[in-house]
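Take a look at the model below.

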Amino acid sequence: MGFSMQPYGIQAMLKEGHKHLSGLEEAVLKNIGACKELSAITRTSLGPNGMNKMVINHLDKLFVTNDAATIVNELEVQHPSAKILVLAGKAQQEEIGDGANLTISFAGELLQSAEELIRTGLHPSEIISGYTKAIKKTIEILDELVEKGSENMDVRNKEQVITRMKAAVASKQYGLEDVLCSLIADACIQVCPKNPASFDVDNVRVAKLLGGGLHNSTVVRGMVLKNDAVGSIKRMEKAKVAVFASGVDTSATETKGTVLIHSAEQLENYAKTEEGKVEELIKAVADSGARVVVSGGAVGEMALHFCERYKLMVLKISSKFELRRFCRTTGAAALLKLSQPKPEDLGYVDLVSVEEIGGARVTVVRSEEGGNRVSTVVLRGSTDSILDDLERAVDDGVNTYKAMCRDSRMVPGAAATEIELARRLKEFSFKETGLDQYAIAKFAESFEMIPRTLSENAGLNAMDIISKLYENHASGNTKVGVDLEAGETGEDVCKDVSIMSVWDLYVTKFFALKYAADAACTVLRVDQIIMAKPAGGPRREQPAGMDED
């Protein structure tokens, strides 16, 4: 008879196959290790000289980008505590749309500092209380660093918009920020509503067309549809538009019926009545004054024939989201079935024309006059991955515009804010008594990660730059940051931000630092990990990858 050992302790309590990790070494430091790995991936992509990452996801789609939000989304992070950082990055992306990299990299840096403190014998709860005090103080200091007069802003003034947007776009597409910012600012200002706070990001669309280069990109007031017109009429000016959501075709009846036909005449009459019915419907649409018909579904051949006869231009938009945007652009109401539209249901466009851009035929819908609610940035580039990356830069720019509509305050960029925060927090930590002063000092040091990373990514001497920055800030020049371009020419790398005009939005910094500190504290609060046995039977073998040929 086999001697089986009875499980005891936590083994007896949980189902077999579970994992249980506890204690500093196994749980806390392992968690910190996983988060450090994640932030090490995103850190090299921080700033304008950030490196690109090549990520291939589970569907074999290739991403070449330095946008942290995209990278962590596609990485499929498994480790539970690294997921917390991913969630912090996503929260930042959804709240502001820029600064996800700062959030993840800074949280990783905070955790690395926490690890050093734990190794010197501090308890995680003391570190958490220190970090909590530090982030409160950071936010107070950040309020004082806001540029005077930046809270009043005209969101329709292109120069003021570009000033605030430049840093966000430059961190994605360094060297192209001037061209891109000008396009994005134009597109955003065109669709900015009377009350800027209700600006909707969805109203600035991006159409990516292969070929040409960024200098061929334009902004269209209206929409760019990536398909051709259905009929032979390819251009219409100053026309009324009727939109039919279900398609332009004869509809089948609900009930099934059988028709007995005895002679050829009856068959002929039967076909004629069908034709007559379709003609009647199309004529009704033409009589209502509409000259462009937009269909959300299929366009029947007979219907198309009569549309041609009545000189109606026919467009087909199969995506219902695109159809909604089209209705927003033209001010039309989508009708469910093919019938005579009422005058108030019709929309209006200045010009609908099919144009050929770089080998692709696109339909451009312009509505210059009146309620222009949608504008499109037409991006041109040589490869798909370049276009995708440009689109991300445009998204960041548009999101930054939305953020500045809500709160237009700005703080010095180029790591000037971070060094000032580090210096002021260091002073604050000396005044504290108790063990959390060490945590506050480490929190302050963590800010050095940003100038260090910026200079390392640009290939400059980081230690030298950080000490120069501290020296400048100590003598009262609180706006001195890193000038990455000067490093190449051998000039002084530390320059005043207002000369370089590198500004960051206050809200971006505020939320990024807050989310990073929260994520770091959440990870530090964990002292045990208990994982149940994964559900399901044995894992299926992954199908083998394709071979080289």
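## Strands and their partners

V243 stands opposite A334 in strand 9. This is a predicted model. The pairing of strand 6 with strand 9 (residues 334-335) is parallel and has two bridges.

Strand 6 has other partners as well. With strand 7 (residues 290-295) it runs parallel, and five bridges join the two. Here A242 faces V293 of strand 7. With strand 10 (residues 347-357), strand 6 (residues 235-244) pairs in the antiparallel sense, over six bridges. K240 has Y348 of strand 10 as its bridge partner.

Now move to another pair. Strand 2 (residues 53-56) and strand 3 run antiparallel, joined by four bridges. M54 stands opposite V64 of strand 3. The two strands form a hairpin with five residues between them. In that hairpin, D60 takes a positive phi near 70 degrees.

Which residues of strand 3 are on the covered face, and which on the uncovered one? F63 and T65 make up the covered face of strand 3 (residues 62-65). L62 and V64 make up the uncovered one. In a regular strand, side chains alternate between the two faces of the sheet.

## Pockets

Rolling a probe the size of a water molecule over the atoms shows where empty space is left.

| Pocket | Volume | Lining residues by class |
|---|---|---|
| Largest | about 880 Å³ | 20 nonpolar, twelve polar, 13 charged |

Start with the largest pocket, which has a volume of about 880 Å³. Its lining has 45 residues, and P48, A167, S171, V502 and D504 are the closest to its centre. Several elements each supply at least two lining residues, including helix 3 (68-74), helix 5 (100-119), helix 8 (177-191) and strand 16 (503-505). Which helix gives the largest share of this lining? Helix 7 does, with five residues.

Next comes the second largest pocket. Its lining has 22 residues, and R205, V206, A207, E322 and R325 lie nearest its centre. Strand 4 (204-210), strand 5 (218-225), helix 11 (320-330) and helix 12 each give two or more residues to this lining. The largest share, five residues, comes from strand 4.

Helix 11 also holds K320. K320 is exposed, because its relative accessible area is 53% and exposed means over 50%. K320 and R366 are 46 residues apart in sequence. In space they are 20 Å apart, C-alpha to C-alpha.

## Nonpolar cores

In soluble globular proteins, nonpolar side chains tend to be buried together. The largest nonpolar core in this model has 68 residues. I127, Y131, L425, F443 and L524 touch the most other members. Helix 19 gives the largest share of this core, eleven residues.

What does I127 touch, leaving out residues up to four places away in sequence? Its contacts are A114, L117, I118, L122, A439 and L524.

There is also a second, separate core of 32 residues. Among its members are L180, I189, V377 and A403.

## Two residues with positive phi

Look next at two loop residues. A415 has a positive phi of about 70 degrees, although it is not a glycine. A415 sits in the loop between strand 13 (410-412) and helix 13 (416-431). Is A415 buried or exposed? A415 has a relative accessible area of 3%, so it is buried, as buried means under 20%.

S501 is not a glycine either, and its phi is positive, near 50 degrees. Its place is in the loop between helix 18 (497-500) and strand 16. Its relative accessible area is 26%, so S501 is partly exposed. That value falls in between the cut-offs of 20% for buried and 50% for exposed.

Strand 16, at the end of that loop, also supplies at least two residues to the lining of the largest pocket.

Notes. Residues numbered from 1 in each chain as written. Predicted model: local features only at pLDDT ≥ 70, side-chain atom pairs only at ≥ 80, totals over all residues. Heavy atoms only, no water. 1 Å grid on protein atoms, 1.4 Å probe; cavity = no way out; pocket = protein on both sides within 12 Å on 5 of 7 lines; lining within 4 Å. Points joined across faces, edges and corners; volume = space filled by probe spheres on them. Nonpolar A, V, L, I, M, F, W, Y, C, P; charged D, E, K, R; others polar. Core = buried A, V, L, I, M, F, W, Y, C linked by side-chain atoms within 4.5 Å. Buried < 20%, exposed > 50% of the residue type's maximum accessible area, 1.4 Å probe, protein only. Contact = heavy atoms within 4.5 Å. Pairing = 2+ DSSP bridges.
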